[in-house]
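Good morning, and thank you for coming.

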Amino acid sequence: MSQSASGVVDMETPSGEAVDSFSDKLSSLGADFRRWDVRRIEALLDLPFSDLIHRAQQVHRQYHDPNGVQLSTLISVKTGGCPEDCGYCPQAARYHTNVENQDMLTVEDVVAAAAAAKAQGATRFCMGAAWRGPRERDMKSVVEMVRAVKALGLEACTTLGMLKPGQAEQLQEAGLDYYNHNLDTSPEFYGEIITTRDYEDRLDTLQKVRHAGINVCCGGIVGMGESRRARAGLIGQLANLDPYPESVPINHLVQVEGTPLHGTEALDPLEFVRTIAAARITMPKAMVRLSAGRREMPEAVQALCFLAGANSIFYGDKLLTTGNPEAERDKALFDKLGLHSI
Ligand code: SF4
């Protein structure tokens, strides 16, 4: 990494031309030049804020409509009672939270919710279920839901946990556009947050999704007490997936009473913005989604996230179990910022 006269750290993106001395050193050692080394991402996160945002804007404007934001709506099709132990999640059966368990919704319920989301302007409808992974009998209902959502002319996405062999193919045949499965955090910090499944399990499901020909939606959560290096590690894992995910949700921890992460020291909002910028720079063509935690975010922070390259949001008044800004508030914010839906 070199420091230019202007004080700007000189590093390239994988598609960029400027080659810094650090990367030169790596390639001379035979390192895969297309990969994002965690130290390079850390160096990005360490940039002066204006320089980081400038770089993110440059990449963003090269690949995306700078004022266009994609709208996704997320519903929970099966809530609570999950056997996993994700430390942030109010749906884990082992934590005592206010989330009420709810059996699988009917296909009719899902169609009604999808039609309402479409009427509000959403283009993608995401269905989440609190499972370690779907059983075969669950797959039958999910496949029907995917077909029904597609028939409404919406993109369909599901997040169902770990997939067994053949399940991704079933979803692909039903017309599923995206499968969401987050890495959550860096491999080093992961064990602090989840113990009931390991990082490899997650990568294995992502590979199944990719092999089935379904677009990958994969991101993580920040604000869980991780270091800046761990945030760089998460971004590095995502950016080095080959190819990187088409959709990258960056979530801010929503602290829910009764979960182990409740009471975690709050993250500086500018660190969240920096993480968005790093995602944008390292995954230029991905849709970077400003996801959970947006309701708690002041409008000015959301505006900075859009400036840093976020170009997708969850839209509607509820995420899986936590709140989200009402559609009307989002419309007002879009007007204020001159944003439009894509
Ligand atoms: S995040 Fe998903 S897998 Fe983890 S406890 Fe919650 S519902 Fe279960």
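This is a predicted model: local features need pLDDT of at least 70, side-chain atom pairs count only at pLDDT 80 or more; totals for chains, interfaces and linings use all residues.

Residues are numbered from 1 along each chain as its sequence is written, and side-chain values use heavy atoms, with hydrogens and water left out.

Next, the annotation. The unreviewed UniProt entry gives "binding site" for Cys126, Cys157, Cys217 and Arg289; such annotations may be inferred rather than shown by experiment. These positions spread over 164 residues of sequence, yet they cluster in space, with a largest C-alpha distance of 13.9 Å.

How exposed or buried is Cys126? Cys126 is buried, at 3% relative accessibility; buried means under 20% relative accessible area, with a 1.4 Å probe and protein chains only. Beyond its neighbours within four places in sequence, Cys126 has contacts (heavy atoms within 4.5 Å) that include Cys157 and Phe314. Cys217 is also buried, with a relative accessible area of 2%. Among the residues that Cys217 touches, not counting those up to four places away in sequence, is Arg289.

Finally, the helix. In α11 (residues 299-307), Val301, Gln302, Cys305 and Phe306 are buried. Viewed down the axis of α11, these residues fall within an arc of 145 degrees, so they line one face of the helix; the arc is that of the directions from the helix axis to the C-beta atoms. Helices here are DSSP runs of H or I with at least four residues, numbered from the N terminus.

Note on methods
Buried means under 20% relative accessible area, exposed over 50%, partly exposed in between (1.4 Å probe, protein chains only). Helices (H or I, at least four residues) and strands (E, at least two) are DSSP runs, numbered from the N terminus.
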